[in-house]
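User: Please take a close look at one part of this model, the aromatic cluster and what surrounds it. I would like one connected account.

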Amino acid sequence: QVQLVESGGGLVQAGGSLRLSCAASGRTFSNYAMGWFRQAPGKEREFVAALNWSGHSTGYADSVKGRFTISRDNAKNTVYLQMNSLKPEDTAVYYCAARRDYIGVVLTTPREYDYWGQGTQVTVSS
């Protein structure tokens, strides 16, 4: 099985930046899709960004396009989410997710993923 651990969250002022990390262990990430989702209290978990590991394709929610960048470091088995120009509405718990044995287009819904981390809190103050 795969274990995912997010880190890098915290408190930042509007307009600032944070870099989230998702460290994976347990098995290889070959042919894996990786995604970032976020969830605020009382709200549904929503798509943020995703990466097709083998296909080197990325996708972003319209709300973060141009501000967030998803990337990975294969040697470290880690996926990142660079978040720039943060807004208060970006405040949420951010989760990384993985889908194994997938070589298709980027996945944008939570139910398409097999593994989830425990989340890291991001708070953006105005």
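Analyst: F47 is buried, at a relative accessible area of 14%, where buried means under 20%, exposed over 50% and partly exposed in between, with a 1.4 Å probe and protein chains only. The model is predicted: local features need pLDDT of at least 70, side-chain atom pairs count only at pLDDT 80 or more, and totals for chains, interfaces and linings use all residues. Residues are numbered from 1 along each chain as its sequence is written, and side-chain values use heavy atoms, with hydrogens and water left out.

F47 forms an edge-to-face aromatic pair with F37, 5.8 Å centre to centre and with 70 degrees between the planes. Rings of Phe, Tyr and Trp (its six-membered ring) pair if their centres lie within 6.5 Å; planes under 30 degrees apart are stacked, over 60 edge-to-face, the rest tilted. F37 lies in strand β4 (residues 33-39) and F47 in strand β5 (residues 46-52), so the pair ties together parts 10 residues apart in sequence. Strands are DSSP runs (E, at least two residues), numbered from the N terminus. F37 is buried as well, at 0%.

Y113 and W116 also pair edge-to-face, at 6.1 Å centre to centre and 65 degrees between the planes. Y113 is buried at 6% relative accessibility, whereas W116 is partly exposed at 25%. Ring pairs link F37, F47, Y113 and W116 into a cluster.

The charged end of R45 sits over the ring of W116, 4.8 Å from its centre; this requires NZ of Lys or CZ of Arg within 6 Å of the ring centre and within 35 degrees of the ring normal. R45 also lies over the face of Y95, at 3.8 Å from the ring centre.

Key: Helices (H or I, at least four residues) and strands (E, at least two) are DSSP runs, numbered from the N terminus.
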